[in-house]
Amino acid sequence: MSANGSAAAEPRLCHVRKVPDFDGYGFNLHAEKGKPGQYIGKVDEGSPAEVAGLRRGDRILEVNGQSIAGETHKQVVARIKQRPDDAELLVVAPAPGEALPAELEAPPPSPPRAPAAPAARTLQTLPTRPASTSP
């Protein structure tokens, strides 16, 4: 437990491996200007990132055994892409009350819903007007 009484999250090593039937790793990397840290954003369903255990909001501590403390977003992306087929990310889940980048604070967007089937339409025969007679 941490000094404030809440359970500290344990770091997790997630080994993300590319697979032939998925383009890339399937996650977004987020950072906020002026704030330290690189965070996992959206994790695609069924992706190598999801299989490896990455979760939205995880903070990255190391990439391929190297600390990313003080590195820019661009540098971290380069580290992740350093190996052609895999990456090892040491991550930690956010602690309760930990501030995340603003775009990660909101709940993840809901997946798009299939359009509803059009309502059944009933055709009615309208009464015809009697033909007018001319004088």
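Reader: Let me start with one residue. Is Asp-58 buried or exposed?
Author: Asp-58 is buried, at 1% relative accessible area. Buried means under 20% relative accessible area, exposed over 50%, and partly exposed in between (1.4 Å probe, protein chains only). Before we go on, this is a predicted model, where local features need pLDDT of at least 70, side-chain atom pairs count only at pLDDT 80 or more, and totals for chains, interfaces and linings use all residues. Residues are numbered from 1 along each chain as its sequence is written, and side-chain values use heavy atoms, with hydrogens and water left out.

Reader: Thanks! Which side chain does Asp-58 meet in a salt bridge?
Author: That of Arg-12, at 2.4 Å from N to O. A salt bridge here is a side-chain nitrogen of Lys or Arg within 4 Å of a carboxyl oxygen of Asp or Glu. The two residues are 46 apart, with Asp-58 in the loop between helix H1 (48-52) and S4, and Arg-12 in strand S1. Helices (H or I, at least four residues) and strands (E, at least two) are DSSP runs, numbered from the N terminus. Arg-12 also counts as buried, at 19% relative accessibility.

Reader: How many salt bridges does the structure hold?
Author: Four. Among them, Asp-86 pairs with Arg-83, their closest N and O atoms being 3.0 Å apart. Asp-86 is buried at 17%, while Arg-83 is partly exposed at 27%.

Reader: Changing topic: how many residues are in the largest nonpolar core?
Author: It has 16 residues, and those with the most contacts inside it include Phe-27, Ile-60 and Leu-89. A nonpolar core is a set of buried Ala, Val, Leu, Ile, Met, Phe, Trp, Tyr and Cys residues joined through side-chain atoms within 4.5 Å.

Reader: And which element gives the most to this core?
Author: S6, with three residues. Six of the seven residues in S6 are buried.

Reader: What does S6 pair with?
Author: S1 is one partner, running antiparallel to S6 and joined to it by six bridges. S4 also pairs with S6 in the antiparallel sense, over four bridges. Strands pair if DSSP finds at least two bridges between them.

Reader: Which residue in S6 is the bridge partner of Ile-60?
Author: Val-91. Leaving aside neighbours within four places in sequence, Ile-60 is also in contact (heavy atoms within 4.5 Å) with residues including Leu-29, Ile-40 and Ile-68.
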